[in-house]
Amino acid sequence: MKNISTIAFAILIAFAVTSQGFQCGSPEFSGAKLRIQQKDYKGAIKLLETEVKKNPNNEEAWFLLGELDADQGDYTGMNTAFDQALKINNKHSKEIHSTRYGRWGQRVNSGVTFLGRAGADSTQFYDSAATEFRTAILIWPDTSLTFKYLGIAYNNKADYEKALDAFKTAWEIGKDLEALKRVGKIYFAKGAEFDTKFETDNADSLRISKNLAEIKVGSHKNDVMAAFGAPDEVKKAEAVKKGRKPAAAKGGTREVWKYKALGLTLEVENDRVASVTKPREPAIDSTYHYKALAMYDSAETVFEKVKEVDPKDNENLTYLLEAYVKSGRIKEAIKTFRIAVENDPNNKTNHYILGILLRTDGDFPSAVSEFKTALTLDPSYSDALYDIGATLYNWGVDIIKKAQASGKE
């Protein structure tokens with residue numbers, strides 16, 4: 001022993017010399033104690049290993065072996081020896097707990113120190129922190145706190161797979177809610193990463209697809225030009241038949257615009273789109289889109305679990321909302337938050353989130369109502385006030401689009 005534990009061994013040896021009993025019955029055991037006095041710890045370990053094989057019920061031999069293994073940094077051996085000693089009796093249970101707890105604490109504190117030193121220019125300290133936390137886990141495997149810290153080290157280093165494993169274990173063995181939330185956040189971040197990859201790989205096709213969706217009957221020809229440029233071909237069209245919308249002005253003319261690369265043909269009359277042929281959709285590789293959806297689905301499952309445990313965690317509710325929106329599960333999300341509002345009608349956040357979902361689903365009147373309720377519960381709730389305005393704006397845009405589609409100004 002090279003520290004305080006040396007004193008403890010001296011006391012144990014003195015006690016063994018002055019007492020009668022099993023301790024004096026074996027030359028290996030007596031020899032091990034002598035080696036400890038002589039500070040020949042490796043020699044003592046060999047003798048103690050022989051002793052416990054010959055006399056497996058020698059609790060003190062197991063205890064001394066565990067202490068020596070701890071000093072040598074063999075924490076697997078330490079735990080094996082300590083566990084065997086505790087199976088026999090609890091004579092040294094306090095000392096065993098003290099050794100485990102002390103060494104575990106040293107490693108955890110060291111790991112936290114390395115985390116504090118780590119940063120963008122010193123990422124090597126994340127590895128150092130992870131090493132300390134892994135050692136702490138060897139010393140005391142059933143502490144969720146250590147797994148959470150290990151997850152943080154991996155997460156900050158962007159080693160997300162290992163971080164997920166650590167955070168999941170922290171939740172499984174200790175129900176650490178913060179660790180579970182971090183699992184959801186990693187899933188969400190991976191979903192966003194796949195989304196970005198999908199959008200980058202398909203940027204041109206997505207832009208064209210979006211523009212094609214926005215060009216409808218009633219759209220202004222300038223909007224068409226802004227989206228696709230000048231048409232490849234412009235021809236005069238026949239006179240508008242009776243009853244066709246939008247109605248042609250007397251003496252008006254209709255033009256046929258063609259965008260050959262898009263397979264898009266439009267009829268334009270009085271500066272407005274009068275008809276649209278179904279265009280050829282651009283090719284889009286949806287591989288990363290579906291990967292993103294899978295990650296958002298996993299995130300939802302986690303955030304929903306957190307919500308069950310702590311329904312008033314506003315950060316978690318916000319993440320849950322975003323995951324619902326990203327995965328397109330708006331209808332399901334509305335049902336979930338309607339129930340949440342019914343169960344806790346004075347929770348302003350639930351009303352606010354329900355308002356966001358209703359607006360996303362196009363139910364503008366109900367969305368405004370939920371925002372107003374949230375604002376009634378907290379008159380200083382600036383997010384709710386802002387989103388009332390945003391919803392009214394979107395509602396107005398929706399009215400204009402529907403009017404244009406029906407040929408009305």
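This is a predicted model: local features need pLDDT of at least 70, side-chain atom pairs count only at pLDDT 80 or more; totals for chains, interfaces and linings use all residues.
## Confidence in the model

The protein chain has a mean pLDDT of 88, and 90% of its residues reach 70 or more.

Two stretches call for some care. Residues 1–24 have a pLDDT below 50, yet in the model this stretch has 37 contacts beyond near neighbours in sequence. For residues 245–250 the pLDDT is likewise below 50, and here the contacts beyond near neighbours in sequence number 14.

## The sheet

Now let us turn to the strands. There are four of them in an open sheet, arranged in the order β1-β2-β3-β4 with antiparallel pairing. The edge positions belong to β1 (233–236) and β4 (272–276). Each of these has a single partner strand, so one side of each is left without a neighbour in the sheet. On average, and with direction ignored, neighbouring strands are turned by 30° against each other.

A helix joins the picture as well: α12, residues 221–228, packs on the sheet and touches β2 (254–259), β3 and β4. The direction of α12 makes about 15° with that of β2.

How many bridges join β3 to β4? Strand β3, residues 264–269, is linked to β4 by four bridges, and the two run antiparallel.

The lining is made up of 13 residues, of which E214, I215, S219, K401 and Q404 are the closest to the centre of the pocket.

Which elements give two or more residues to this lining? They are the helices α11 (203–214) and α18 (382–405). Of the contributions to the lining, that of α18 is the most, at five residues. Sorted by class, the lining of the second largest pocket holds five nonpolar residues, five charged ones and three polar ones.

Key: Residues are numbered from 1 along each chain as its sequence is written. Side-chain values use heavy atoms; hydrogens and water are left out. On a 1 Å grid over the protein atoms alone, a cavity is a set of points where a 1.4 Å probe fits but cannot get out, and a pocket is an open set with protein on both sides within 12 Å along at least five of seven lines; lining residues have an atom within 4 Å of a point. Ala, Val, Leu, Ile, Met, Phe, Trp, Tyr, Cys and Pro count as nonpolar, Asp, Glu, Lys and Arg as charged, and the others, Gly among them, as polar. Two strands pair if DSSP finds at least two bridges between them. Axes are lines fitted to C-alpha atoms, for helices over the stretch in contact, and angles run from 0 to 180 degrees between N-to-C directions. Contact means heavy atoms within 4.5 Å. pLDDT is the predictor's confidence in each residue, from 0 to 100.
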